[in-house]
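Student: I'm new to this one. Can you put it up and walk me through a few spots?

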Amino acid sequence: MPQSEHIVIGRLGAVYGVKGWLKVQSFTEDPESIFEYSPWLLKQKGEQTIEVAEWRRHNKGLIARLEGVSDRDQAARLTGADICITADELPELADDEFYWHDLIGLQVVNLQGYDMGVVEQIMPTASNDVLVVKANSNDAFGKSERLIPFIQSEYITEINREEKRIQVDWPSDF
């Protein structure tokens, strides 16, 4: 799998118990759907492919035991590892839907044609996602980054994947 095709869908957290279980932080829309992908590619200091032996809900989170991991010490070596899959494993979306990784790197231009910068990341919030736009080094308003709410009917007027551009209804100086 080429590095560019890896999508991070979660992260292994702290060890849970003494039998090799780990807490799982899921980045998927439905947290439990992380277990629909198999095997996982774990990326930490290196890479390893591993199957989920079993998983369950625990309190408000998720825990899992991985194949070949049977004690606390083995599990501890995996804490903090990113859980990855390849982009082609993701379900197809409708034309008006996007995965976050599709938006990273797109140019952001407002309705007046001002080049606001490039999407560096997307930040989830309780009410809506927010585009973190890294401003150009010569930004006329001295901005280093802009935070633009990802609300398609209000602030995001067009997403053009072919032109790698997002048009926004957002003031240049904000």
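Tutor: First a term: a polar contact is a pair of N or O atoms within 3.5 Å; within protein, one must be able to donate a hydrogen and the other to accept it, and residues adjacent in sequence count only if both atoms are side-chain atoms. This is a predicted model, in which local features need pLDDT of at least 70 and side-chain atom pairs 80 or more, while totals for chains, interfaces and linings use all residues. Residues are numbered from 1 along each chain as its sequence is written, and side-chain values use heavy atoms, leaving out hydrogens and water.

Student: Which side chain does Asp 139 make a polar contact with?

Tutor: That of Tyr 114, at 3.0 Å.

Student: And where does Asp 139 lie?

Tutor: In the loop between β10 (130–134) and β11 (145–149); strands are DSSP runs (E, at least two residues), numbered from the N terminus.

Student: Is Asp 139 buried or exposed?

Tutor: Buried, with a relative accessible area of 10%. Buried means under 20%, exposed over 50%, partly exposed in between (1.4 Å probe, protein chains only).

Student: What about Arg 146?

Tutor: Arg 146 is in strand β11 and is buried too, at 1% relative accessibility. Its side chain reaches the backbone oxygen of Phe 174 at 3.4 Å.

Student: New topic. What order do the seven strands of the open sheet take?

Tutor: β4-β3-β7-β1-β2-β6-β5, with antiparallel pairing; two strands pair if DSSP finds at least two bridges between them.

Student: Which strands stand at the edges?

Tutor: β4 (47–50) and β5 (52–58); each has a single partner strand, so one side of each is left without a neighbour in the sheet.

Methods
Helices (H or I, at least four residues) and strands (E, at least two) are DSSP runs, numbered from the N terminus.
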